[in-house]
Amino acid sequence: MEMKKRVSQKLGNKNPAEVVELLVDNCLSGDGEVEGLTDEYTGLEVLSMVNVGLKSLSKLPPLPKLRKLEVSDNVIAGGLDALSEKCPNLTYLNLSGNKIKELDVLKVLQNLKNLKSLDLYSCEVSTLEDYRDSVFELLPQLTYLDGFDQEDNEVPDSEPDGDGEATPPPQCLARRGPAEQTANVFTEDEDEAGPVGSEGEEDEVGLSYLMKEGIQDEDDDGDYMWRRRPQLFRVRREKRDVEDEGDDDDD
């Protein structure tokens with residue numbers, strides 16, 4: 001669905017000024033710009049545009065009350081100066097999974113004086129040497145970067161905003177490598193065997209594999225719930241064992 005149509009669908013019969021939270025994830029921005037939003041959304045506090053193909057935020061309308069902006073999994077590489085101009089009260093910004101490569105791109109965020117939490121995991125900039133120290137130095141107003149403060153303390157279950165409301169912590173994978181991200185999947189008998197992927201085991205089966213294999217159950221509401229299949233996580237190990245036995249026979 002096109003982004004403009006999704007925004008209209010979410011609005012329904014409401015007045016745009018009355019909308020406080022707007023989620024338009026996984027739709028399509030035709031030209032890589034924000035579509036469907038206007039300066040009539042004066043009361044908007046939470047906006048989520050995840051995986052919509054955004055290349056730029058230049059057409060974001062003025063949103064004076066916006067506190068949380070989710071634009072992860074897009075293709076934004078720069079142009080963040082629009083945020084300080086149009087969302088001056090932003091406290092939480094999620095840019096994870098975008099095309100941000102250099103620290104200089106983030107410098108304009110210094111103008112967001114209320115920004116407390118920034119997420120950049122899976123952006124190329126997060127692979128730079130001394131990345132965390134550099135970002136905290138560049139943006140001294142930050143409390144959390146990728147879900148951790150400067151002393152490496154994880155964001156608590158709820159973090160009060162400046163207005164006293166509780167903010168849920170971001171779902172952060174930034175501090176883990178690819179192996180660690182999947183190694184925290186537990187088997188049914190995890191008390192005995194521990195988490196899959198421990199002790200240097202190389203096999204990890206991601207969500208995409210589970211989806212491909214159709215390993216899912218449908219609940220009463222028609223939604224899918226993923227169920228654990230420990231044997232899937234042992235496939236590569238068993239394959240290696242067979243190969244090793246073959247090598248022994250050759251010897």
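Six strands, β1-β2-β3-β4-β5-β6 in that order, form an open sheet with parallel pairing. Strands here are DSSP E runs of at least two residues, helices are H or I runs of at least four, and both are numbered from the N terminus. Two strands count as paired if DSSP finds at least two bridges between them. In general, strands of a sheet pair through backbone hydrogen bonds, either parallel or antiparallel. The edge strands are β1 (21–23) and β6 (144–145), each of which pairs on one side only. β1 and β2 run parallel and are joined by 3 bridges. Glu21 has Val46 in β2 as its bridge partner.

The model is predicted; local features need pLDDT of at least 70, side-chain atom pairs count only at pLDDT 80 or more, and totals for chains, interfaces and linings use all residues. Residues are numbered from 1 along each chain as its sequence is written, and side-chain values use heavy atoms, with hydrogens and water left out.

The protein chain holds 7 helices and 10 strands. Of its 251 residues, 38% are buried (under 20% relative accessible area, with exposed over 50% and partly exposed in between; 1.4 Å probe, protein chains only). The accessible surface comes to about 14800 Å², and carbon and sulfur atoms account for 44% of that surface. Areas come from the Shrake-Rupley method with a 1.4 Å probe; for residues, only the protein chains shown count as cover. Among contacts (heavy atoms within 4.5 Å) with a separation of 6 or more, 49% join residues 24 or more positions apart.

The largest nonpolar core has 44 residues. Such a core is a set of buried Ala, Val, Leu, Ile, Met, Phe, Trp, Tyr and Cys residues joined through side-chain atoms within 4.5 Å. Leu47, Met49, Leu83, Leu93, Leu109, Leu118 and Leu120 have the most contacts inside this core. α1 (3–11) and α3 (131–138) each supply at least two of its residues. α3 gives the most, with 4 residues. Beyond its neighbours within four places in sequence, Leu83 contacts Leu57, Leu60, Leu69, Pro88, Leu93, Leu109 and Leu112.

Lys65 sits in the loop between β2 (46–48) and β3 (68–70). Apart from neighbours within four places in sequence, Lys65 contacts Thr42, Gly43, Leu44 and Glu45. Its C-alpha atom is separated by 9.0 Å from that of Val20, 45 residues apart along the chain.

An unreviewed UniProt entry annotates residues 101–119 and 128–146 as "domain: U2A'/phosphoprotein 32 family A C-terminal". UniProt positions follow the numbering used here, feature names are shortened, and annotations may be inferred rather than shown by experiment. Residues 101–119 are 0% helix and 16% strand, with end C-alpha atoms 14 Å apart. Residues 128–146 are 42% helix and 11% strand, and their end C-alpha atoms lie 14 Å apart.
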